[in-house]
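Reader: I am new to this structure and would like to go through it step by step. Please show it first.

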Amino acid sequence: MSDPHAAPSLDIRAVMTGEKPAPRDERKLNFWERMYLPEVVKGLINTLKHMFKPSATIDYVGPASRPDQRHIAAVGYRGEHYLKVDDKGNEKCVACFMCSTACPAECITIVGEETPVEQFGAQRFKHPKVFEIDMLKCIYCGMCVEACPKDAIGMTTTYNQVNTKRSAFIYDKNRLLLNNDEFMKSLGLERSGKDPKTNTYPLSPDGCGPDVTHGLADFRVGQRQPGV
Ligand code: SF4
Ligand code: SF4
């Protein structure tokens with residue numbers, strides 16, 4: 001329906017080219033068109049028709065999901081992070097802050113603390129007391145993984161993050177370690193990332209160990225100097 005009080009709209013093409021503006025279609029709506037009711041009824045009939053058709057929506061993670069519909073990202077996809085552990089179950093992170101320094105989104109918070117020798121061995125001085133990633137700030141660039149000198153952080157293939165609270169997207173150390181456990185289990189690997197069939201670590205960059213000090217822990221236990 002045309003509004004008699006509306007400002008006349010400009011024919012931009014006519015303004016640009018200097019041509020005479022084309023006559024506008026000012027057809028008046030008939031009674032039923034002005035009532036809108038027939039169109040509303042047509043819309044409702046259309047909705048009812050679709051209610052009884054099979055759904056085209058894919059349930060890609062829920063109970064109705066089918067393997068042929070489910071999207072499973074390949075290993076190497078940059079999804080949620082996980083913190084890796086060594087063969088003894090200790091986190092590999094040494095709280096060096098390389099990842100948080102490299103992170104362009106500044107979404108990693110680390111608070112380091114001294115490690116107990118009896119648990120971590122003498123060659124480990126620090127581990128993270130607090131390790132948090134704000135997943136709402138993260139841009140999933142993988143720079144943290146690249147920067148880590150200890151192969152202590154990785155990214156799972158989990159990409160569907162849904163929650164109703166912002167605070168739920170701040171992943172603490174426990175959550176990141178849980179991600180490790182779930183990801184390794186889904187790949188049929190041990191918690192440390194070791195393949196029990198081949199005794200190798202397929203997700204480590206060199207494939208040969210979860211830590212550059214792997215295997216030296218027992219040898220060096222007790223060598224830490226007092227006060228260091
Ligand atoms: S993936 Fe990128 S943005 Fe996310 S925590 Fe790592 S470095 Fe930061
Ligand atoms: S995850 Fe790696 S880079 Fe980040 S603090 Fe731990 S050891 Fe350093």
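Reader: Which element has the lowest mean pLDDT?

Author: Over the protein the mean pLDDT is 82, and 82% of the residues reach 70 or more. Residues 211-228 stay under 50, and the model has 19 contacts for them beyond four places in sequence. Where pLDDT is low, the predicted coordinates should not be read in detail. Helix H4 (residues 98-102) has the highest mean among the elements, 97, while the lowest, 36, belongs to helix H8 (residues 217-220).

Reader: Which element supplies the largest share of the largest nonpolar core?

Author: The largest nonpolar core has 19 residues, and Leu-83, Cys-93 and Ile-153 touch the most other members. At least two residues each come from strand S1 (81-83), strand S2 (108-114), strand S3 (126-134) and helix H7 (173-186). The largest share, 3 residues, comes from H7.

Reader: Which residues does Cys-93 touch, not counting those up to four places away in sequence?

Author: Cys-93 is one of the residues of the largest nonpolar core that touch the most other members. Not counting residues up to four places away in sequence, Cys-93 touches Leu-83, His-127, Pro-128, Phe-131, Lys-150, Ala-152 and Ile-153.

Reader: How many polar residues are in the shell around ligand 1?

Author: Around ligand 1 there are 14 residues, with Cys-103, Cys-138, Cys-141, Met-143 and Cys-144 the closest. Of the shell, 13 residues are nonpolar and none is charged. The number of polar residues is 1.

Reader: Is Ala-95 buried or exposed?

Author: Ala-95 is placed in the loop between S1 and H4, and its phi is near 55°, a positive value in a residue other than glycine. Most residues other than glycine have a negative phi. Ala-95 has 22 C-beta neighbours inside 10 Å and therefore counts as buried.

Reader: What does Phe-97 count as, with 15 C-beta neighbours inside 10 Å?

Author: Phe-97 is found in the loop between S1 and H4. Its phi is near 70°, a positive value in a residue other than glycine. Because Phe-97 has 15 C-beta neighbours inside 10 Å, it counts as partly exposed.

Reader: Which residues is Arg-124 in contact with, leaving aside its neighbours within four places in sequence?

Author: Arg-124 lies in the loop between helix H5 (117-120) and S3. With 23 C-beta neighbours inside 10 Å, Arg-124 counts as buried. Arg-124 and Glu-114 are 10 residues apart in sequence and 8.5 Å apart in space, C-alpha to C-alpha. Leaving aside neighbours within four places in sequence, Arg-124 is in contact with Val-94 and Thr-115.

Key:
Residues are numbered from 1 along each chain as its sequence is written. Chains are lettered from A and ligands numbered from 1 in the order in which they are written. This is a predicted model: local features need pLDDT of at least 70, side-chain atom pairs count only at pLDDT 80 or more; totals for chains, interfaces and linings use all residues. A residue is near a molecule or strand if its C-beta atom, placed from the backbone, lies within 6 Å of it. Ala, Val, Leu, Ile, Met, Phe, Trp, Tyr, Cys and Pro count as nonpolar, Asp, Glu, Lys and Arg as charged, and the others, Gly among them, as polar. pLDDT is the predictor's confidence in each residue, from 0 to 100. Helices (H or I, at least four residues) and strands (E, at least two) are DSSP runs, numbered from the N terminus. Two residues are in contact if their C-beta atoms, placed from the backbone, lie within 7 Å. A nonpolar core is a set of buried Ala, Val, Leu, Ile, Met, Phe, Trp, Tyr and Cys residues joined through C-beta atoms within 7 Å. A residue is buried if 20 or more other C-beta atoms lie within 10 Å of its own, exposed if 12 or fewer, and partly exposed in between; C-beta atoms are placed from the backbone.
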